[in-house]
Amino acid sequence: MAKVQKLEFQDSNYEAELRLLQIELVKVQRQIISSGSKLLIILEGRDTAGKDGTIKCITEHLSPRETHVVALGIPTTRESGDWYFQRYVAELPSSGEIILFNRSWYNRAGVERVMGFCTDLQYKLFMDSVNEFEGLLVSSGIQIIKYYLDIDKKEQAKRLESRKTDPLKQWKISPIDEQAQKQWKAYSVARDLMLKKTSSADAPWTVVHANNKKLTHLNLIRDLLSRISYPNKDKKLLKIDAEIVMPCPPLGKKLPKVAP
């Protein structure tokens, strides 16, 4: 009963709480612009886990000049012959910018691995080099914050069906969607290996249980704000639900509980 009441309370106050958190995000942006800082937010997760909606909540009231969402498509023939990270490097934040990656170089550890879009050697090279690559970015002054949005299989099936019937979501339908449920276990294995091997001290992962979209938005933004230094932070707003937001431990340690 307590859990139900908590959900109802959060839903009824969602817009008001979100507005207060978005005010904090504006404070963050002012600090990043004035200090010339660079912030990179990476959002990965299951298909339909809510990356688009979460990004919209984060960016809704931020300056479009200094805030950019990057969602790269399938590599071109030329890009396929480049160094794997090359096309992402061009999208990294410059001084005073916030960049959000809606999927990222971790495509290689997830979709590409599961669907056979990369070779075993390409996958191994990525897994062996990504921590060093991110370490170089951090040492160059880029703050990297990584989130993995996780949902259960039943919730994913419900959202996939919604995409088929909602005319406003037709653009989200892709052939990959059809494999999301069929390849559920393979994606789980790939996810676990990715989280275990690439949650480094420089750029650790945070898992967000995203079955409830509104709770996901509020708690992820609270966590994001808690990880950034900025003046006049209202810490009273940043009470994070530990059942929803779960930081990954250092490399090699036991992962937080995620959907099997």
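How many bridges join β1 to β4? Eight bridges join these two strands, which run parallel. Strands (E, at least two residues) and helices (H or I, at least four) are DSSP runs, numbered from the N terminus, and two strands pair if DSSP finds at least two bridges between them.

The structure is a predicted model, in which local features need pLDDT of at least 70 and side-chain atom pairs count only at pLDDT 80 or more, while totals for chains, interfaces and linings use all residues. Residues are numbered from 1 along each chain as its sequence is written, and side-chain values use heavy atoms, with hydrogens and water left out.

Strand β1 spans residues 38-45; seven of its eight residues are buried, so the strand is largely enclosed by the rest of the structure. Buried means under 20% relative accessible area, exposed over 50%, and partly exposed in between (1.4 Å probe, protein chains only). Ile42 stands opposite Phe101 in β3 and opposite Lys146 in β4. Leu40 faces Ile144 in β4.

Strand β4 is likewise mostly covered, with eight of its nine residues buried. Five bridges pair β4 with β5 in the parallel sense. Lys146 has Trp205 as its bridge partner in β5. In a regular strand the side chains alternate between the two faces of the sheet.

Lys51 lies in helix α3 (residues 51-59). The residue is buried yet has no salt bridge, the nearest side chain of opposite charge being that of Asp47, 5.3 Å away. A salt bridge requires a side-chain nitrogen of Lys or Arg within 4 Å of a carboxyl oxygen of Asp or Glu; for charge, Lys and Arg count as positive and Asp and Glu as negative, with His and the chain ends not counted. A polar atom of the Lys51 side chain lies 3.3 Å from the backbone oxygen of Arg46. Neighbours within four places in sequence aside, Lys51 is in contact (heavy atoms within 4.5 Å) with residues including Leu43, Glu44, Asn102 and Leu149.

Helix α10 (residues 184-198) has 15 residues and reaches 21 Å from its first C-alpha to its last, close to the 21 Å expected, where the expected span is 1.5 Å times one less than the number of residues. Among its buried residues are Trp184, Tyr187, Arg191 and Met194. The elements covering the buried residues of α10 include α7 (120-139), β4 (142-150), α8 (153-165) and β5 (205-209).

Definitions and conventions: A polar contact is a pair of N or O atoms within 3.5 Å; within protein, one must be able to donate a hydrogen and the other to accept it, and residues adjacent in sequence count only if both atoms are side-chain atoms.
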